[in-house]
Structures are given as C-alpha cells and as structure tokens.
Amino acid sequence: MPFGSGDRAQLQQVIDQLGKLATDVAAIRQQVADQQHVIDQARQDATIAITSGLAEIRAVARDGIARSNDLVTGPLASIGGELVAIRGTLGQLDNRLQEQAAAAPAPVSEPDPASAPQAEPEPDPEPRRAPAPMQPSEEPDVDTLRAAAGISAATLHAHRDTWEFLVKHAGTDQHFHLPAEVRDAEGTILAKVSGPSLVAALTSLHRVSRTADDAGTRAIAAHLHERLTDTVQEIATRPHRGDGADAVRIVIDDRAAPDDTEE
C-alpha cells in the first residue's frame, strides 16, 4: 500500500532528526578532539618545563660542588706543600745534628787523684780531628743546568714520598721554591716546578748522591738526578720557544713491562 502524505511527512521528520543527530555527533567529536589536543599540549609543556627545571637544578648543583672543591682543594694543597717543606727542613736539621754529634770527640773522664795510684805522666795525645766531609767526585754538568734554567715550568709526576725526598734535600737551596700548585691524585703528586727549582734539584741531588752516608739515600738521589737530567737533555736537543710547544712533563714512575706471552 503506498505511503500517504502523512507517512511521507513523518518519514521526512525522521530523516531530519537523523541529520541533526549526525551533526551533533560530529560537533561532539570535534570538541573531544580539541580537548585532547589541549591536554596533549599541556602535557608536553609540563614535560618541557620539568626537564628544563631539572637541568637548571643539576647545573646549579654541579657549579656549587665545583666551587666547593676549588675552595677546599687549593688550601689543602698549599698546606700539604708547606708541611712537606717543614718536614724536609726538620730532616736536614736532624741530619746536621747527627753529623755534629758523630764528629764531636767523646769526653775523657779524669781519674780522682786521691784514689788513683800515682803514675808517671804520659805525653799528651794528639788532638782528635773531625773527619773531613766527602766531596763530590765531579761537578754537575753546566750545559744541563743551563737547559734546566731555561724551562719556564714543568709538571712533576711522582709519588708523595718521592716528592718529600726531593723537597727535603733541595728545599734549603737558594734557588728552590715550593710550587704554588701541588695536587694529590690518589697518592701521586702533580707539582708545577720552575726552571730555577729544577736547577736546585739537580745540584742538590748530585751532591747527595755522592756525599750521603746512607746507601739508600745515595741510590734514590742518583736515580732522581738521572731522571731529571734525561728529561732536561731531551728538551735541550729540540728546544722550542713561545707558543705551540708541549708542556714539560717529568714522570717518575718506573713499571714492569707487560707480559705478552700467551699460555
């Protein structure tokens, strides 16, 4: 049975409502998409802000730690250098007192004339003479000393005990100066010494290697003197003045060669 005019009107009304409903659904979808975009943008902005804030906090913390290290490390290094110098001076004074005590003649007790039997007077013994100090067998090499004097600054890598030995025996020389910067890297001293201080070390170690009473002291002084001399002579063979040259490094760290044998 064909639709009447009333049915067609009702059908048209249903179609209009469906069209309106589809329009409302599309509008809702657009609103949801817009809100999701706003949420994503807010989340991205918050992530960027948090990351930037954390980076700034880390930078401030690293800067504070670095400043604290600079404030603590500098005075500690200076105090350590001064303590080494004081210890070296005290060691030299102790050596001098021991040498004077060994050179002084032993006191001779006089017998009591009332209790001792009278004996014929004996001739006076000759006065005991203090042993003459040993003299170096040869003078330091002048060319090496001149080459050392021309070095502006050199970084000495050595164990703390080796550095103390050097300061002890060269610290009283008029040309030796304690470096302003002495760093301790896990027991290894990094000291920046000047050319005059190298000259003082070479002359002092040369003397100690030939005049010290102790064989170990002579051996240590001779080894250090040889290592300093080799470095200075190597620089003298290919000198370089001005900018562009490598810094002078004196490494006193002998080690065993690696074992390359395969089992």
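# Briefing on a predicted fold of helices and strands

Leaving aside its neighbours within four places in sequence, L198 is in contact with A148, I151, A154, V193, L228 and I250, where contact means that heavy atoms lie within 4.5 Å. The structure is a predicted model, in which local features need a pLDDT of at least 70 and side-chain atom pairs count only at pLDDT 80 or more, while totals for chains, interfaces and linings use all residues. Residues are numbered from 1 along each chain as its sequence is written, and side-chain values use heavy atoms, with hydrogens and water left out.

**Overall layout**

- Of the 263 residues in the protein, 21% count as buried; buried means under 20% relative accessible area, exposed means over 50%, and partly exposed lies in between, with a 1.4 Å probe and only protein chains considered.
- The protein exposes about 20300 Å², and carbon and sulfur atoms supply 55% of that area, as worked out by the Shrake-Rupley method with a 1.4 Å probe, where for residues only the protein chains shown count as cover.
- Among contacts between residues at least 6 apart in sequence, 74% join residues that are at least 24 apart.

**The nonpolar core**

- The largest nonpolar core has 32 residues, and those with the most contacts inside it are W163, L198 and I250; such a core is a set of buried Ala, Val, Leu, Ile, Met, Phe, Trp, Tyr and Cys residues joined through side-chain atoms within 4.5 Å.
- Two or more residues of this core come from each of α2 (142-149), β1 (153-159), α3 (160-170), β3 (188-194), α4 (195-211), α5 (215-237) and β4 (248-251).
- The largest share of the core, seven residues, is given by α4.
- As a general background, nonpolar side chains in soluble globular proteins tend to be buried together.

**Strand pairing**

- β1 and β3 pair in the antiparallel sense over seven bridges, and two strands are said to pair if DSSP finds at least two bridges between them.
- β2 and β3 form a hairpin with two residues between them, and in its turn E186 has a positive phi of about 55°.

**D184 and its salt bridge**

- D184 is found in strand β2 and stands opposite I189 in β3.
- A search of the whole structure finds one salt bridge, a term that requires a side-chain nitrogen of Lys or Arg within 4 Å of a carboxyl oxygen of Asp or Glu.
- In this salt bridge the side chains of D184 and R160 meet at 2.6 Å, N to O, and the pair links distant parts of the chain, with D184 in strand β2 and R160 in helix α3, 24 residues apart.
- D184 is partly exposed, with a relative accessible area of 44%, and R160 is partly exposed too, with 30%.
- Not counting residues up to four places away in sequence, D184 touches R160 and I189.
- The C-alpha atoms of D184 and H159 are separated by 9.2 Å, although these residues are 25 apart along the chain.

**Surface features**

- I79, L83, I86, L90 and L93 make a nonpolar surface patch of about 480 Å²; patches consist of residues with over 30% relative accessible area and no salt bridge, with nonpolar side chains (Val, Leu, Ile, Met, Phe, Trp, Tyr) joined within 5 Å and like charges within 9 Å.
- I79 lies in helix α1 (residues 5-103) and is partly exposed, with a relative accessible area of 44%.
- E139 has its place in the loop between α1 and α2, and it is exposed, with a relative accessible area of 69%.
- E139 and H206 are 67 residues apart in sequence, and 8.3 Å separates them in space, C-alpha to C-alpha.

Note on methods. Helices (H or I, at least four residues) and strands (E, at least two) are DSSP runs, numbered from the N terminus.
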